[in-house]
Amino acid sequence: MATRVLAIGECMIELTHTGDRTLALGYAGDTFNTAVYLARLTSPDAVEVGYLTRLGDDEYSAGILAAMHAEGLGTSLIDRIPGGRPGLYLVRTDDGGERSFTYYRSDSPARRLFDGAHGPDLSGYDVLYLSAITLQLLTPPARERLWSRLAAARARGAQIVFDSNYRSAGWESAAVAREAVRRTWELTTVALPTFTDEHALFGDTSPAATLERLRGLGIPDIAVKDGGNGCLVGDGTVVPAEKIESTVDTTAAGDAFDAGYLAARLGGADQVSAARAGHAIAVKVIAHPGAIITDPTLPPRGGRDE
């Protein structure tokens, strides 16, 4: 029987500058990016990948759903809000491939996830994947509902996979973000943080300090990402990053790493081997523009022959 994975968050309209006045349209969002690459890296016979968000009833929401279907993602939990419009962000990259973002998402339907009338059934999933951006979307009562569902899922044996993808601009304050991330770490079974995020939130002085803090919470499976320095896995092993031949766009590097790591772990790999798999897909992704790449060696699940 296939392992059922559900990623939770927001998929937005992505407009990437290809020139000062020219933009390329795509669809992306951190947990969506991970879901896409996880689907591309696995077989549907082994891993089913679903996505949970809320969308509007406009043509761009329809485009997002079509993109999800093309990637082979399950969409049965997605509902559409009349009059809603998805969030949008613009991406610029500098000569070194580093990106900057401008967001327009305050009225995104995804912000109504787990609101008073929204109670999706998560009981059929073996793995739940989310990020701090997922938490950022939600109202405080909705976060409480999500945590309750995560706790119930963990109690029945599901894996809770969390990436503390901290973006300060979207939070009321650093203190609110810190508490929300702390609460989620306490429910987590697979931790995929980035050291710079944990430093910003908790003052960790090194990836080793992040690792020790998360170990102290009893998390059994950890990979602390540290950019070009590689990552530090749960047994204290440093797994170097792969040599980068060309950096075009670092968008979704961490999201892709998470997908590679999770795909390998679901396939039975140890943490060191899974980290190497994460680095391999991240290097491939940053050699292309945009969050979701077009690469014949990594075809969409929905359009390939199994």
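**Two helices and two residues**

Let's start with a helix pair. Helix 6 (residues 195–202) packs against helix 7 (residues 207–216) at an angle of about 70 degrees, and their axes lie 9 Å apart. Helices here are DSSP runs of H or I with at least four residues, and strands are E runs of at least two, numbered from the N terminus. Axes are lines fitted to C-alpha atoms over the stretch in contact, with angles from 0 to 180 degrees between N-to-C directions. The two helices are therefore roughly perpendicular, a label for 65 to 115 degrees.

Who makes the contact, meaning heavy atoms within 4.5 Å? Helix 6 brings F195, E198 and F202, and helix 7 brings P207, T210 and R213.

A word on the model. It is predicted, so local features need pLDDT of at least 70, side-chain atom pairs need 80 or more, and totals for chains, interfaces and linings use all residues. Residues are numbered from 1 along each chain as its sequence is written, and side-chain values use heavy atoms, without hydrogens or water.

Next, T184. T184 sits in helix 5 (residues 174–185). Is T184 buried or exposed? T184 is buried, at 0% relative accessibility. Buried means under 20% relative accessible area, exposed over 50%, partly exposed in between, with a 1.4 Å probe and protein chains only. Beyond four places in sequence, T184 contacts L130, L135, W147 and F162.

Last, P240. P240 lies in the loop between strand 14 (238–239) and helix 8 (253–266). P240 is exposed, with 57% relative accessible area. Not counting residues up to four places away in sequence, P240 touches N229, G230 and H279.

Definitions and conventions: Parallel < 35°, antiparallel > 145°, perpendicular 65-115°, else oblique. Contact = heavy atoms within 4.5 Å.
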